[in-house]
Amino acid sequence: MTTGPLGTATRGPAPDPLLARLDAAFAEGSPDAALEHEILAMARMHDLEAKADLAKVRAMVRTLLLRRPPPRGAVMSSLIVLDVEDDPDLAAQLVNTLVDAGHRVVSPFAKAAVAAGAAARQPLDVAVLDIELACPGTGVELARSLRDSWGVPSVFLSSDGAMAARHASVAAAMVLKLCAADQVLDACAMAVHTGSARPSA
């Protein structure tokens, strides 16, 4: 997010350079050794199945890159953000990050059902939610409900890259945990800019 006052016009996120190189290389037939090494390194970093065939690894990496916020993305006005995270310390950090950036936070909620109730009672611009809430799948189900019922895009937080990749069609952006605060803000900007990422099928 470039520096500037809140309320400046939003601009679209720049293309991810690695994604552009990846697509160009596969369009020409196959990646060179350096790019293949970069793909496998990213797969290992995100706990993906790096030993699978290269085409499958490339597909998983590409899915993550498509949802990864670009560095220093868009400048945006104040947002209403739903925060759903069952780790109290991380939830507090997210609230501080969002409030310090000028956003209004509806949260924090540790349970998907309670968060869904809050979403039904007031307008929201974006949801930042843990994909791995205490009940398996509830983060994904909540994101799908927010999208389908209210048109609210979601930013997934996850420490499991493979799980995030499997459910990427439900999220407008994804951030792996232990990330910098700016990445969360950039992901919110990306989600609001791209809107609710509805699957084509």
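1. Contact means heavy atoms within 4.5 Å. On that basis, among contacts in the chain between residues at least 6 apart in sequence, 67% join residues at least 24 apart. The model is predicted: local features need pLDDT of at least 70, side-chain atom pairs count only at pLDDT 80 or more, and totals for chains, interfaces and linings use all residues. Residues are numbered from 1 along each chain as its sequence is written, and side-chain values use heavy atoms, with hydrogens and water left out.

2. Overall composition. The chain has 8 helices and 5 strands, where helices (H or I, at least four residues) and strands (E, at least two) are DSSP runs numbered from the N terminus. Along the sequence these elements follow the pattern α-α-α-β-α-β-α-β-α-β-α-β-α. Of the 201 residues, 46% count as buried; buried denotes under 20% relative accessible area, exposed over 50%, and partly exposed in between (1.4 Å probe, protein chains only). The chain exposes about 9,800 Å², of which carbon and sulfur atoms supply 56%; accessible areas come from the Shrake-Rupley method with a 1.4 Å probe, and for residues only the protein chains shown count as cover.

3. The sheet. An open sheet is formed by 5 strands in the order β2-β1-β3-β4-β5, with parallel pairing; two strands pair if DSSP finds at least two bridges between them. β2 and β5 are the edge strands, each pairing on one side only. From one strand to the next, the twist averages 15°. Helix α5 packs on this sheet, touching β1 and β2, and its direction makes about 150° with that of β2. For such angles, axes are lines fitted to C-alpha atoms, for helices over the stretch in contact, and the angles run from 0 to 180 degrees between N-to-C directions.

4. Strand β1 and its partners. β1 is joined to β2 by 4 bridges, the two running parallel, and 4 bridges also join β1 to β3, again in parallel. On the β2 side, Ile80 stands opposite Arg104, Val81 stands opposite Val105, and Leu82 has Val106 as its bridge partner. On the β3 side, Val84 stands opposite Leu129.

5. Burial of β1. This strand is largely enclosed by the rest of the structure, because 5 of its 5 residues are buried. In a regular strand the side chains alternate between the two faces of the sheet. Both faces of β1 are covered: Ile80, Leu82 and Val84 are buried on one side, and Val81 and Asp83 on the other.

6. Crossovers. β1, helix α4 (residues 88-100) and β2 make a right-handed β-α-β unit. A crossover is right-handed if, with the strands pointing away from the viewer, the path from the first strand over the helix to the second runs clockwise.

7. Largest nonpolar core. A nonpolar core is a set of buried Ala, Val, Leu, Ile, Met, Phe, Trp, Tyr and Cys residues joined through side-chain atoms within 4.5 Å. The largest one has 28 residues, and Leu82, Leu129, Leu146 and Phe156 have the most contacts inside it. The elements giving two or more residues to this core are β1 (80-84), β2 (104-109), α5 (112-121), β3 (126-130), α6 (138-150) and α7. Leaving aside neighbours within four places in sequence, Leu82 is in contact with Val106, Phe109, Ala115, Ala118, Leu124, Val126, Ala127, Val128 and Leu146.

8. Another core, of 20 residues, lies apart from the largest one; among its members are Val105, Leu157, Val184 and Leu185. Leu157 lies in strand β4 and is buried, with a relative accessible area of 2%. Not counting residues up to four places away in sequence, Leu157 touches Glu85, Leu94, Val128, Leu129, Asp130, Ile131, Val175 and Lys177. The C-alpha atoms of Leu157 and Val184 are separated by 8.7 Å, although the two are 27 residues apart along the chain.

9. Pairing of β4 with β5. Strands β4 (residues 154-158) and β5 (residues 173-176) run parallel and are joined by 4 bridges. Within this pairing, the bridge partner of Leu157 in β5 is Val175.

10. The peptide bond from Ser107 to Pro108 is cis, with omega near -10°.
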